[in-house]
Amino acid sequence: MAGSHMAGFKNSRADLFMGASMVLVPPVYDDPTLLGRVESILKPAGFGHLTVTTAERHDEVIAFSSQLAHVVSNAYVKSPTAQGHRGFSAGSYRDLTRVARLDADMWARLCMDNGDCLIRELDGLMGSLGQYRKALAEGDMDGLTRLLAEGSRLKGVLDP
């Protein structure tokens, strides 16, 4: 799983896959010889991690790890405040919005093809955001602190 917001062959580069994840979804999940051959063929590309999974699991995780990030990033830059962010923003804004610049036709197709999984992820995110909104609206400093601490703790566990 690798790429950039720049499409087309003219934007290709030799190190595009260096350290990236390769996800294989074989039709038959029980052929270690074939998987070993595929891994040796892919090794020169520099992939950092090889995952073998089912189509169903692929779709669930990609909805979360890629498609949701693109949709959220794209929606985030639509805030009227985004028009005047220069001079105020730095790394957080850049990190959150990097994938907002995208190939709209391609990403629309990808999201529609995986709509059920992406809807589940959007529903979960909107539910979580609702908890933060509620804490803010009610002036619940302790509740907001707990929500933020929980997110920070989970990030530490997921990506130490």
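1. Thr97 is buried, its relative accessible area being 11%. The model in which this residue is described is a predicted one. Thr97 belongs to helix 3, which covers residues 91-97. Apart from residues up to four places away in sequence, Thr97 touches Ser73, Tyr76 and Val77.

2. The loop between helix 2 and helix 3 contains His85. Is His85 buried or exposed? With 18% relative accessibility, His85 counts as buried, because the limit for that class is under 20%. From the C-alpha atom of His85 to that of Asp123 the separation is 28 Å, and the two residues are 38 places apart along the chain.

3. The next point concerns the nonpolar core. Six residues form the largest nonpolar core: Ala63, Leu68, Trp107, Cys111, Cys117 and Leu118. At least two residues of this core come from each of helix 2 (55-76), helix 4 (104-113) and helix 5 (115-137). As a general background, nonpolar side chains in soluble globular proteins tend to be buried together. Cys111, one of the six core residues, touches Gln67, Val71 and Leu118 when residues up to four places away in sequence are not counted.

4. The packing of helix 2 against helix 4 may be considered next. Two packed helices are described by the angle between their axes and the distance between the axes. For helix 2 and helix 4 the angle is about 125° and the axes are 11 Å apart. The two helices are therefore oblique to each other. Helix 2 passes helix 4 in a left-handed crossing. On the helix 2 side the contact involves Ser66, Gln67, His70 and Val71, and on the helix 4 side Trp107, Leu110 and Cys111. Of the residues in this contact of helix 2 with helix 4, four are nonpolar, three are polar and none is charged.

5. Helix 2 also packs against helix 5. Their axes come within 9 Å and cross at roughly 60°, which makes helix 2 oblique to helix 5. The crossing of helix 2 and helix 5 is right-handed. Helix 2 contributes Asp59, Glu60, Ala63, Phe64, Gln67, Leu68, Val71 and Val72 to the contact, while helix 5 contributes Cys117, Leu118, Arg120, Glu121, Leu122 and Leu125. Sorted by class, the contact of helix 2 with helix 5 has nine nonpolar residues, one polar residue and four charged residues. Ala63, Leu68, Cys117 and Leu118 are among the residues of this contact, and they are also among the members of the largest nonpolar core.

6. How do helix 5 and helix 6 pack, in terms of angle and distance between axes? Helix 5 and helix 6 (residues 141-158) meet at an angle of about 150°, with their axes 8 Å apart. Helix 5 is therefore roughly antiparallel to helix 6, since angles over 145 degrees are placed in that class. The crossing in which helix 5 passes helix 6 is left-handed. Gln131, Tyr132, Ala135 and Leu136 in helix 5 meet Gly143, Leu144, Leu147 and Leu148 in helix 6. The contact of helix 5 with helix 6 divides by class into six nonpolar, two polar and no charged residues.

7. Two residues that touch one another are taken together here. Thr53 is in the loop between strand 2 (49-52) and helix 2, and His58 lies in helix 2. Thr53 is buried, with a relative accessible area of 10%. His58 is partly exposed, with a relative accessible area of 22%. Leaving aside neighbours within four places in sequence, Thr53 is in contact with Val23, Leu24, Val25, Pro26, Tyr29 and His58. With neighbours excluded in that way, His58 is in contact with Val23, Val25 and Thr53. The C-alpha atoms of His58 and Phe9 are separated by 26 Å, and these residues are 49 residues apart along the chain.

8. Which class of accessibility applies to Pro32? Pro32 counts as exposed, at 63% relative accessibility, because exposed residues are those over 50%. Between the C-alpha atoms of Pro32 and Glu121, which are 89 residues apart along the chain, the separation is 33 Å.

How values were computed. Residues are numbered from 1 along each chain as its sequence is written. This is a predicted model: local features need pLDDT of at least 70, side-chain atom pairs count only at pLDDT 80 or more; totals for chains, interfaces and linings use all residues. Side-chain values use heavy atoms; hydrogens and water are left out. A nonpolar core is a set of buried Ala, Val, Leu, Ile, Met, Phe, Trp, Tyr and Cys residues joined through side-chain atoms within 4.5 Å. Buried means under 20% relative accessible area, exposed over 50%, partly exposed in between (1.4 Å probe, protein chains only). Helices (H or I, at least four residues) and strands (E, at least two) are DSSP runs, numbered from the N terminus. Contact means heavy atoms within 4.5 Å. Axes are lines fitted to C-alpha atoms, for helices over the stretch in contact, and angles run from 0 to 180 degrees between N-to-C directions. Angles under 35 degrees count as roughly parallel, over 145 as roughly antiparallel, 65 to 115 as roughly perpendicular and the rest as oblique. A crossing is left-handed if the near helix is turned anticlockwise from the far one by less than a right angle, and right-handed if clockwise. Ala, Val, Leu, Ile, Met, Phe, Trp, Tyr, Cys and Pro count as nonpolar, Asp, Glu, Lys and Arg as charged, and the others, Gly among them, as polar.
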